[in-house]
Amino acid sequence: LQRDAKGQYLFDLLCHHLNLLEKDYFGIRFVDPDKQRHWLEFTKSVVKQMRAQPPFTMCFRVKFYPTDPAALKEEITRYLVFLQIKRDLYHGRLLCKTSDAALLAAYILQAEIGDYDPGKHPEGYSSKFQFFPKHSEKLERKIAEIHKSELSGQTPATSELNFLRKAQTLETYGVDPHPCKDVSGNAAFLAFTPFGFVVLQGNKRVHFIKWNEVTKMKFEGKTFYLYVSQKEEKKIVLTYFAPTPEACKHLWKCGIENQAFYKLEKSSQVRTVSSSNLFFKGSRFRYSGRVAKEVMESSAKIKREPPEIHRAGLVPSRSCPSITHGPRLSSVPRTRRRAVHISIMEGLESLRDSAHSTPVRSASHGDAFMAPGRSGRAESSERVAVIADENYSPADSVLPTPVAEHSLELMLLSRQVNGAPCSIEEEKESEAGTPVAGEAEEAGGELRALCPGAGGLGAAQAEQVNKFVLSVLRLLLVTVGLLFVLLLLLIVLTESDLDTAFFRDIRQTPEFEQFHYQYFCPLRRWFACKVRAVVSLLIDT
């Protein structure tokens with residue numbers, strides 16, 4: 001890459017390599033040296049966005065999940081979205097009931113190994129593949145049963161299409177979780193989906209807000225604010241706290257881009273957004289791509305021979321190890337396996353209101369999650385745990401990765417030592433491995449930063465004072481600048497010979513004439529007299 005190459009150049013190069021036309025749903029993600037994720041901005045230089053030294057590691061990801069992935073025009077686009085959702089399923093983002101998990105895994109199996117063949121697929125063959133970090137024997141049997149009896153004859157493209165149709169109906173379809181805390185200090189995950197803004201806590205979706213109800217998003221330091229206007233002119237503000245200011249800014253930018261993509265009718269309606277009410281304070285950001293409606297209209301006009309798709313098949317992949325023959329949970333004794341099953345939300349439950357935010361309502365495409373205890377009573381026939389820990393923790397890690405995700409990595413390590421359930425990791429971006437001890441140490445440092453003692457409190461107060469001083473200095477600087485501009489305009493009006501219509505109209509007003517003759521002219525004579533006196537004094541000396 002040339003030093004001044006923009007992100008758009010790199011993205012177009014990649015899409016050309018993939019023979020991808022419906023590219024607006026995708027993006028390039030990278031992680032900075034502070035382990036903060038970012039989306040590559042296409043209007044800025046690639047090199048300037050990277051704080052690390054080359055070579056740079058970036059990842060091709062779905063950035064905006066299609067509202068209806070089955071309606072995508074080209075098979076190559078559907079296949080790439082299929083790979084992303086398959087990855088989401090493995091990393092614990094896509095949560096579902098056991099029956100749905102078995103069906104999704106069977107679709108993946110059919111798409112990647114084809115029809116069941118007794119000669120090639122012996123008893124227990126589904127246990128050799130890993131669609132989730134941990135399976136149960138009952139789930140493996142269910143996957144094999146569906147694959148044998150219900151999916152025979154389906155081509156890879158058909159299986160992938162059915163997989164997308166099923167995944168799109170799930171509550172957490174399109175979730176890209178951002179770890180935060182609410183005003184009570186409770187851990188939460190914020191996410192932006194094709195349908196609106198979502199807050200997840202403890203296997204439950206505690207808030208769902210449609211995009212047309214979100215009026216504003218802003219952030220200040222680590223604090224993220226979401227302004228909501230509901231029916232009957234009811235206005236509320238949701239407040240959450242990110243682990244770092246950089247994470248909060250990333251959350252804000254993701255929210256701005258998702259709202260613009262899914263809510264607006266055309267890209268000409270996109271406006272530059274400020275993170276603060278004061279124009280001289282905060283960050284400014286503008287979404288630079290097309291919106292969903294324009295993308296769909298453009299896709300409908302595509303007329304070409306379908307490009308050839310080179311499917312990965314059974315090739316192991318560190319970035320998405322959902323189909324791999326590596327060691328897995330089967331080596332764990334059965335009694336222990338029951339203890340480390342990944343819990344799943346079985347069924348749906350009504351949502352509780354929060355003391356500081358909006359009454360909770362169900363999404364238009366589904367209901368909210370049910371707590372494991374209640375779901376077990378509701379569906380005793382499907383008690384097998386499958387996908388997530390009892391708390392929704394997609395940032396927990398069970399995979400080798402150089403990127404620690406805040407303090408949750410440390411929590412995971414303690415769970416593994418105690419033999420407690422482990423949850424699925426939220427996606428990590430870099431592909432090179434680093435020692436686990438280093439990750440734990442870094443995560444421990446982040447955990448101490450999130451839970452400061454007396455010294456941390458003093459540092460936080462000092463940080464607030466510094467921010468206040470910077471804000472005051474910025475205000476003074478802007479004020480001096482405005483006064484200087486007004487002075488220049490006054491000099492141009494009174495001393496220059498410019499005879500434009502704008503200046504002529506101002507000069508002919510009675511107020512300006514009175515100001516000019518009663519105040520400005522005497523002030524100018526006084527100033528000139530003082531200058532002559534100073535010059536004469538300098539000449540005499």
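Guide: Helix α4 (residues 98–113) packs against helix α5 (residues 137–149) at an angle of about 55°, and their axes are 8 Å apart. The model is a predicted one, in which local features need pLDDT of at least 70 and side-chain atom pairs count only at pLDDT 80 or more, while totals for chains, interfaces and linings use all residues. Residues are numbered from 1 along each chain as its sequence is written, and side-chain values use heavy atoms, with hydrogens and water left out. Helices (H or I, at least four residues) and strands (E, at least two) are DSSP runs, numbered from the N terminus. Axes are lines fitted to C-alpha atoms, for helices over the stretch in contact, and angles run from 0 to 180 degrees between N-to-C directions.

The angle between α4 and α5 makes the two helices oblique to each other (under 35 degrees counts as roughly parallel, over 145 as roughly antiparallel, 65 to 115 as roughly perpendicular and the rest as oblique). Sorted by class, the contact of α4 with α5 holds nine nonpolar, three polar and one charged residues (Ala, Val, Leu, Ile, Met, Phe, Trp, Tyr, Cys and Pro count as nonpolar, Asp, Glu, Lys and Arg as charged, and the others, Gly among them, as polar).

Helix α6 (residues 156–168) is another partner of α4: the two pack at an angle of about 160°, with their axes 8 Å apart. They are therefore roughly antiparallel to each other. Here α4 passes its partner α6 in a left-handed crossing. From α4, the residues D100, L103, L104, Y107, I108, Q110 and A111 take part. Their counterparts in α6 are P156, S159, E160, N162, F163, K166 and A167. This contact of α4 with α6 is made up of eight nonpolar, three polar and three charged residues.

The crossing of α3 with α4 is left-handed. F82, K86 and L89 of α3 meet L104, I108, A111 and E112 of α4. The residues of this contact comprise five nonpolar, no polar and two charged.

Three strands form an open sheet in the order β2-β1-β3, with antiparallel pairing (two strands pair if DSSP finds at least two bridges between them). Its edge strands are β2 (37–39) and β3 (58–62), each of which pairs on one side only. On average, neighbouring strands of this sheet are turned by 35° against each other, direction ignored. Strand β1 (residues 26–31) is joined to β3 by five bridges in the antiparallel sense, and F30 has M58 in β3 as its bridge partner. Helix α1 (residues 7–18) packs on the sheet and touches β1 and β3, its direction making about 120° with that of β1. Helix α3 (residues 75–91) likewise packs on the sheet and touches β1 and β3, its direction making about 105° with that of β3.

Conventions
Contact means heavy atoms within 4.5 Å. A crossing is left-handed if the near helix is turned anticlockwise from the far one by less than a right angle, and right-handed if clockwise.
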